[in-house]
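Please look over the sequence and the model before reading on.

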Amino acid sequence: MTRKLFGTDGVRGVANIHPMTAETALQLGRAAAYLFKHRDRRSRIVIGKDTRLSGYMLESALVAGICSMGVDALLVGPLPTPGIAFLTASMRADAGVVISASHNPYQDNGIKFFARDGFKLPDEVEARLEEMVFTPASIDALRPTAGEVGKAFRIDDAVGRYVVFLKSSFPKEFDLVGLKIVLDCAHGAAYKVAPEVFTELGAEVIPFGVKPNGININAGCGSMHPEVIANAVREHGAHLGIALDGDADRCIFVDEHGAEVDGDHILAICGTHMLAQGRLPQRTVVATVMSNLGLDIAIRAAGGQVVKTAVGDRYVVEEMRRHDYRLGGEQSGHMIFLDHNTTGDGVITALQVLAIMQQTGKPLSELARCMTALPQVLVNVRVRKRQPVEQVPEIARKLKAVNEHLGTGGRVLIRYSGTEPLLRIMLEGQDQQEITTLANEIAETVESHLGAATGGSHA
């Protein structure tokens with residue numbers, strides 16, 4: 001079955017335009033309730049969201065769909081995506097739903113699901129949900145009435161539960177007293193949780209992005225704009241800066257000098273530290289094909305190895321679960337510490353890095369020197385259709401020529417975004433100027449043959 005709704009991270013699009021409509025949300029709620037409902041007891045599904053204006057509309061539709069199938073909805077309001085994963089498993093609920101478009105602008109929204117164990121759904125389960133959405137008659141037989149209709153409950157202490165859980169991931173013998181931290185919550189789902197966690201552990205927190213109004217999520221702030229915390233770190237003389245995205249499942253750091261520390265460097269810091277302590281099972285870190293080759297070099301030098309997956313934190317997690325690996329992540333800042341949570345968690349990531357700083361007594365800039373990144377450039381081209389690039393002769397010829405030019409000293413990686421109509425072109429090599437020129441040449445070729453009607457853009 002061809003996937004019509006689900007991308008690499010749930011269903012996503014412009015709110016109130018198909019597929020992100022109230023009608024689709026209602027059908028997804030019905031399908032999820034049908035799929036996860038227990039026939040011999042009352043079933044429950046946790047629903048959380050970020051701070052987007054459209055979250056109210058989609059939340060109401062999901063609740064209606066879930067309750068119409070005789071399943072109860074547990075509402076927690078704005079809470080990070082990993083918080084919903086935690087609560088779903090902690091409360092022994094039958095599933096969890098998050099209404100969020102992560103790092104996308106406020107006009108977008110999305111819906112993603114967690115199974116009762118707190119892990120994201122595999123492709124085959126999402127395919128079953130899609131099938132039920134497009135063939136609603138297949139579940140129409142289950143329409144409870146009277147006392148069998150579901151109820152909706154508000155979980156008032158969700159933030160407190162999650163704060164306690166997050167703090168438990170930080171070593172009890174340490175605190176953050178004496179540390180000054182610039183924290184950017186992107187006006188998103190962590191605007192309450194994250195400041196509380198770091199403050200309760202003793203840090204002096206300089207908060208940004210903690211005043212959501214429904215339309216300012218990710219707007220010039222958060223992990224997509226690390227320059228905000230970089231400037232603030234320098235201005236306030238802070239020890240580091242932490243920037244979360246809209247649903248707080250990823251984070252990007254800046255060191256005490258305001259220099260960005262991305263996900264690859266965080267994997268290197270945590271991976272080499274865990275290797276040195278003998279806490280990295282099979283001496284393996286899991287990353288994606290987008291990760292910098294410098295990560296491989298750093299982990300190998302420390303006596304470990306890096307295993308690569310397709311792009312998407314769900315694929316990183318699947319590989320980790322398959323082989324019992326415990327550390328994985330993406331360059332974008334999605335980090336998975338399976339000893340602590342079932343999915344990427346920006347606050348847990350920050351706490352693990354802070355723990356290493358406290359244990360070693362080293363500033364973030366010094367820790368980050370464990371990895372030297374090879375020059376890398378990423379260019380996005382907006383496309384009108386997702387045609388395989390190898391089927392376009394002109395693009396295929398261009399890619400072959402660039403690959404031959406780079407040889408063994410670099411690489412080209414082309415992939416379509418799972419959440420936006422973009423073709424991502426990534427080049428890695430020895431010379432930044434050279435690979436930038438080559439990436440732009442490829443982008444121009446792609447624009448000429450697959451570019452959007454508006455004349456595709458790249459940046």
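At what angle do helix α1 and α2 pack, and how far apart are their axes? Helix α1 (residues 22-36) and α2 pack at an angle of about 35°, and their axes are 7 Å apart. The model is predicted, so local features need pLDDT of at least 70 and side-chain atom pairs count only at pLDDT 80 or more, while totals for chains, interfaces and linings use all residues. Residues are numbered from 1 along each chain as its sequence is written, and side-chain values use heavy atoms, with hydrogens and water left out. Helices (H or I, at least four residues) and strands (E, at least two) are DSSP runs, numbered from the N terminus.

**Helix pair α1 and α2**

- Axes are lines fitted to C-alpha atoms, for helices over the stretch in contact, and angles run from 0 to 180 degrees between N-to-C directions.
- α1 and α2 cross in the right-handed sense (the near helix is turned clockwise from the far one by less than a right angle).
- Contact means heavy atoms within 4.5 Å; on the α1 side the residues involved include A22, L26 and A33, and on the α2 side they include M57, A61 and S68.

**Seven-stranded sheet**

- Seven strands make an open sheet with mixed pairing, in the order β1-β2-β6-β5-β3-β4-β7 (two strands pair if DSSP finds at least two bridges between them).
- At the edges are β1 (6-7) and β7 (152-154), each of which pairs on one side only.
- Three bridges link strand β4 (residues 72-78) to β7 in the parallel sense, and R154 in β7 is the bridge partner of L75.

- Another open sheet has three strands in the order β17-β19-β18, with antiparallel pairing.
- β17 (376-382) and β18 (411-416) are the edge strands, each pairing on one side only.
- From one strand to the next, the twist averages 15°.
- β18 pairs with strand β19 (residues 422-428) in the antiparallel sense over six bridges; M426 in β19 is the bridge partner of L413.
- Helix α13 (residues 393-406) packs on this sheet and touches β18 and β19, its direction making about 150° with that of β18.
- Helix α14 (residues 432-450) lies across β17, β18 and β19 and runs at about 15° to β17.

**Salt bridges and surface**

- The whole structure has 26 salt bridges (a side-chain nitrogen of Lys or Arg within 4 Å of a carboxyl oxygen of Asp or Glu).
- In the salt bridge between K49 and E59, the closest N and O atoms are 3.3 Å apart.
- K49 lies in strand β3 and E59 in helix α2, so this pair ties together parts that are 10 residues apart in sequence.
- A nonpolar surface patch consists of L53, Y56, Y106 and I215, with about 420 Å² of accessible area together.
- Patches are made of residues with over 30% relative accessible area and no salt bridge, with like charges joined within 9 Å and nonpolar side chains (Val, Leu, Ile, Met, Phe, Trp, Tyr) within 5 Å.
- Accessible areas come from the Shrake-Rupley method with a 1.4 Å probe, and for residues only the protein chains shown count as cover.
- L53 sits in the loop between β3 (44-49) and α2 (55-68).

**Backbone features**

- H18 and P19 are joined by a cis peptide bond with omega of about 10°; P19 is in the loop between β2 (10-14) and α1.
- Q282 is not a glycine, yet has a positive phi of about 60°; Q282 lies in the loop between α8 (263-276) and β13 (284-288).
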